[in-house]
Structure formats: structure tokens, C-alpha cells
Amino acid sequence: MNSKTVTTVLIVEDQSLIRDAIAMLLSLEDNLTIVGKCSNGQEAIDYLNDNTAPHIILSDIEMPLVSGLDLATHVKNKNLGAKVVLMTTFSKPGYIKRALSAGVKGFILKESDSDYLIDAIYKVSAGEKVISTELAIMALDDNNPLSKKEMSALKLASEGLKTQDIAQSLFLSEGTIRNYLSEAISKLDATNRVDAARIAKQKGWL
């Protein structure tokens, strides 16, 4: 890395010990500057509303309020220019495809060593994509049978919404929603909508 090139990094992680440890690790690099630390995706969005977007947003996936995937989607939709690198301890194949659709440039396991993390940040900053080999292999084996509409209905159902509320939220009829949920239950060989949502979440599809 050119000594004159400094990459700015925003760290988003809900566990304070991990967040601080990553910040300390990256701050040891002459070419990396930590511009902020946030405990969830909503804090990151608030930061981005008030500050210039960093080169890299290094974010956990599963966090309260706003997830790393939703944060990545926000960055993409707002054309903020920051490159998102997601970290996870959850080996859920559905996450990888959702992350790539959200414009994520890096996807690594938290179990990776520190050199891998630093190298990944430099590579993403230089315009490359980085996905841990284990996660890439899992993504190839992933086969989500659910349609986007079925996933939307199932996600709202998992949040406790009734059929009528889901229908209003998606601007569809109650009958259509019941059909989507029934199809999702059948495709996932689930016993009911709650079980179907549980299975889909385990796979990383919701």
C-alpha cells in the first residue's frame, strides 16, 4: 500500500469489546484511519447523515435496530460511495447472495486472522472483492426456493404481523398473502408460518 494513501474506516459492531479490539488493531496500520465506531446500523446511518462517507464501512451483520445487510442496502441506494465489508460468525449461505445484491464488496468470517482482515480491507479499498473461501463455497451450495414475494410475506409474518396487516403492508389481497405463506411453508417443509420463518432465518434468507 502506498504510504501516501490513507483509507478511512467506519467500524459498526454491536459488541463493544470486539468493536474496540478491531479499532485498536486497524489503528496500528499507518495507512488506515478509524473515523468512527458505531454499535448498530442505525448509528452508522446517523453518522453517514452528518459526516463524509468513509472509504470503507466494516460492519457486523446481525445487530439491533438496523442490520449490516440493511446498512449496506442504504449505502447502495443513497450512492454514498463507501465500500461495505461485512463480518459474521454466522455461516448462513443466504447472507452471501443478499450481501452481493446489496453491493457489498467484502464478506469475511470473524474467525479469520487479523492479517486476513487487514489485507481484505486494503484489497476492497483498491477495488477488489473479497469473500472468504468457506463462505463462497457455501454460497454455491445455497438454493433458496422462495420467491421475493414469498420472502417479503414471510418476513413480515415472522415479525408477528397478521395476514390482514401483511396484505396492507404489501398492497396485496389477504388471499394472495395466504397463498404466498402457504407456498413458503410447503417449499420449506415447515409445519406453519412460524416454523417456515425459523428455517428461512437459519439459512440467511430473511
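## Contacts of Ile57

Leaving aside neighbours within four places in sequence, Ile57 is in contact (heavy atoms within 4.5 Å) with Leu10, Val12, Leu48, Leu71, Val75, Ala82, Lys83, Val84 and Val85. The model is predicted, with local features requiring pLDDT of at least 70 and side-chain atom pairs pLDDT 80 or more, whereas totals for chains, interfaces and linings use all residues. Residues are numbered from 1 along each chain as its sequence is written, and side-chain values use heavy atoms, with hydrogens and water left out.

## Nonpolar cores

A nonpolar core is a set of buried Ala, Val, Leu, Ile, Met, Phe, Trp, Tyr and Cys residues joined through side-chain atoms within 4.5 Å; buried means under 20% relative accessible area (1.4 Å probe, protein chains only). The largest such core has 24 residues, of which Val12, Ile57, Leu71 and Leu86 touch the most other members. Two or more of its residues come from each of strand S1 (7–12), helix H2 (41–50), H3, strand S4 (83–88) and H4; helices (H or I, at least four residues) and strands (E, at least two) are DSSP runs, numbered from the N terminus.

Leu154, Leu181, Ile199 and Ala200 are among the 20 residues of a second, separate core.

## Largest pocket

A pocket is an open set of points on a 1 Å grid over the protein atoms alone, where a 1.4 Å probe fits, with protein on both sides within 12 Å along at least five of seven lines; lining residues have an atom within 4 Å of a point. The largest pocket holds about 580 Å³ of space. Its lining comprises 16 residues, with Arg98, Ser101, Lys148, Met151 and Trp205 the closest to its centre. Helix H3 (68–77), helix H4 (93–101) and helix H7 (148–158) each give two or more residues to this lining.

Definitions and conventions. Grid points are joined across faces, edges and corners, and a volume is the space filled by probe spheres set on the points. Buried means under 20% relative accessible area, exposed over 50%, partly exposed in between (1.4 Å probe, protein chains only).
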